[in-house]
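Student: I would like to learn how to read some features of a protein model. Please take them one at a time.

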Amino acid sequence: MKISNYTIRPERPEDYRKTENLTREAFWNVYRPGCTEHYVLHCFRSRPEFIPELDLVMEADGEIIGHIMYVHSNIQSDDGRKIPTLTFGPISIKSELQKMGCGKALLDCSIEKAAGLGAGAICIEGNIGFYRKSGFVEAGSMGLRYRTGENEEIVPYFLCRELKPGFLTGITGSYCPPEGYFIDEDKAEDFDALFPPKEKLRLPGQLF
């Protein structure tokens, strides 16, 4: 089953709490007990890297069923240049509608809009099994490394997609996730307390 009667539009201030709750529900106990993605979203809206034109919701029958946000990022090239890129995430789909094509539809629409704004490339962390369907490749195959602190390495979850053909041709360098993705855990806990209580569970396959 696929959802076909949807619309995709910019997020509005009156949507904020709905999309934060949607994000919380979509990520709860997925990568860790509980989640912090809804707090990341909340904080990014007031950061300079945030791109309002690419802050999008998916609606069906008047209900928000999906959300995606983008921020500015860059690749630090080995020749000293900063190559401008975009990064998206979190991307959230209502739990009971996942694996029905909604996520790919929202993502592909957002990619088209990003290209229309003149962006050259998108860098993300994710599962190549899903994102390959939307044109992403492992960034290491393009000579790009993932940086955490002082360490740089080629990792399979660092992905990239050119929006302008040849935009990254001849470029080698490293990418570090934008600062806004690194949040204060205590503040995230305080923010989560504003939502209805949910049980945090330690489950197989979680990353943290």
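Student: Is Tyr 146 buried or exposed?

Tutor: Buried means under 20% relative accessible area, exposed over 50%, and partly exposed in between, with a 1.4 Å probe and protein chains only. Tyr 146 has a relative accessible area of 7%, so the residue is buried. This is a predicted model, where local features need pLDDT of at least 70, side-chain atom pairs count only at pLDDT 80 or more, and totals for chains, interfaces and linings use all residues. Residues are numbered from 1 along each chain as its sequence is written, and side-chain values use heavy atoms, leaving out hydrogens and water.

Student: How many aromatic pairs does the whole structure have, and what describes a pair?

Tutor: A pair of aromatic rings is described by the distance of the centres and the angle of the planes. Rings of Phe, Tyr and Trp (its six-membered ring) pair if their centres lie within 6.5 Å; planes under 30 degrees apart count as stacked, over 60 as edge-to-face and the rest as tilted. A search of the whole structure gives 13 such pairs. In one of them, the ring centres of Tyr 146 and Tyr 157 are 5.5 Å apart with planes at 75 degrees, so this pair is edge-to-face.

Student: Where do Tyr 146 and Tyr 157 lie?

Tutor: Helices (H or I, at least four residues) and strands (E, at least two) are DSSP runs, numbered from the N terminus. Tyr 146 belongs to strand β7 (residues 144–148), and Tyr 157 to the loop between β8 (151–153) and β9 (158–162), so the pair ties together parts 11 residues apart in sequence. Tyr 157 is partly exposed, at a relative accessible area of 35%.

Student: What kind of pair do Tyr 146 and Tyr 175 make?

Tutor: Their centres are 6.3 Å apart and their planes at 40 degrees, so the pair is tilted. Tyr 175 lies in strand β10 (residues 173–175) and Tyr 146 in β7, so this pair ties together parts that are 29 residues apart in sequence. Tyr 175 is buried, with a relative accessible area of 0%.

Student: Which residues form one aromatic cluster?

Tutor: Tyr 70, Phe 88, Phe 130, Tyr 131 and Phe 136 do.

Student: Which ring does the charged end of Arg 17 sit over?

Tutor: A charge sits over a ring if NZ of Lys or CZ of Arg is within 6 Å of the ring centre and within 35 degrees of the ring normal. For Arg 17, the ring is that of Phe 195, with the charged end 3.9 Å from its centre. Arg 45 lies over the face of Tyr 16, at 3.8 Å from the ring centre.
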